[in-house]
Every structure is written in structure tokens, then in C-alpha cells.
Amino acid sequence: VQLQASGGGLVQPGGSLRLSCAASGTAFRRNFGAWFRQTPGKQREMVASITSGGATNVADSVKGRFAIARDNAKNTMYLQMNSLKPEDTAIYYCYIVVDGRQSWGQGTQVTVSS
């Protein structure tokens, strides 16, 4: 299983970004997928998740601003991030669990700054 994340960058406060995570070797629609983020000195935290059945969940810190989705035809998972704040600055990682095994994408940097 390989995950390729993309879409990070520099954005001003209040702006938007969409992260993408393309999977190979498995299908998102059959597995649990999630986005995590990590800043220096802190533990990696789950930002949003989506089950194989399509049920989604987002962390309280991003509720109402972030949304997770997937495109089964493209085998890609997305994280739509709106109303970004400086505290959203982090490396974002996509994640999948396949038959009990965890796989991580390489991480994509999101920087929110004016």
C-alpha cells in the first residue's frame, strides 16, 4: 500500500486549501482512512476520518472548517480546509488501515501565515 499526499502550501489566514491523498495497492472505499497533522514537539493528532461506509468525523478543533471526502473512482481521499488559522500550520499526513495494517503518506506542509 502506498499513499501519495499533495496540496499543501502557504496560505493566508482565512484562506482555503484542499489536500489530496492518492492510494495504490488498495482502495479507500474498503478501508478506514484519515488525515493527521503534526507540529514540532507535539504528538500527531487525527484531524478527520472516514470509514469504509463513508461515515466521517472531524476533530473539534477544525469542526465547521475542515471536511474529509473521497472519490472512489479516483481512489483518492481529500481534506478540504477552509477558514484556515495560523494554528493549523503543520505537516499533514494521510493514513489508511488495511487488514489491520497502518500505512502513512509522506506528509505535506501547510503553513498559514500573512
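The model is predicted: local features need pLDDT of at least 70, side-chain atom pairs count only at pLDDT 80 or more, and totals for chains, interfaces and linings use all residues. Residues are numbered from 1 along each chain as its sequence is written, and side-chain values use heavy atoms, with hydrogens and water left out.

The chain has 11 strands and zero helices; strands are DSSP runs of E of at least two residues, helices runs of H or I of at least four. Its radius of gyration is 13 Å, close to the 13 Å of the globule rule for 114 residues, so the chain is as compact as a globular protein of that length. That radius is taken over C-alpha atoms, and the rule is 2.2 Å times the number of residues to the power 0.38. The C-alpha trace spans about 40 × 25 × 25 Å along its principal axes.

Of the 114 residues, 44% count as buried, meaning under 20% relative accessible area with a 1.4 Å probe, protein chains only. Among contacts (heavy atoms within 4.5 Å) between residues at least 6 apart in sequence, 51% join residues at least 24 apart.

Thr-108 lies in strand S11, residues 108–112. Thr-108 counts as buried because its relative accessibility is 9%. Leaving aside residues up to four places away in sequence, Thr-108 touches Ala-5, Ser-6, Gly-7, Gly-8, Leu-19, Ala-90, Ile-91 and Tyr-92. With Gly-8, a polar atom of the Thr-108 side chain lies 3.1 Å from the backbone nitrogen.

Definitions and conventions
Buried means under 20% relative accessible area, exposed over 50%, partly exposed in between (1.4 Å probe, protein chains only). A polar contact is a pair of N or O atoms within 3.5 Å; within protein, one must be able to donate a hydrogen and the other to accept it, and residues adjacent in sequence count only if both atoms are side-chain atoms.
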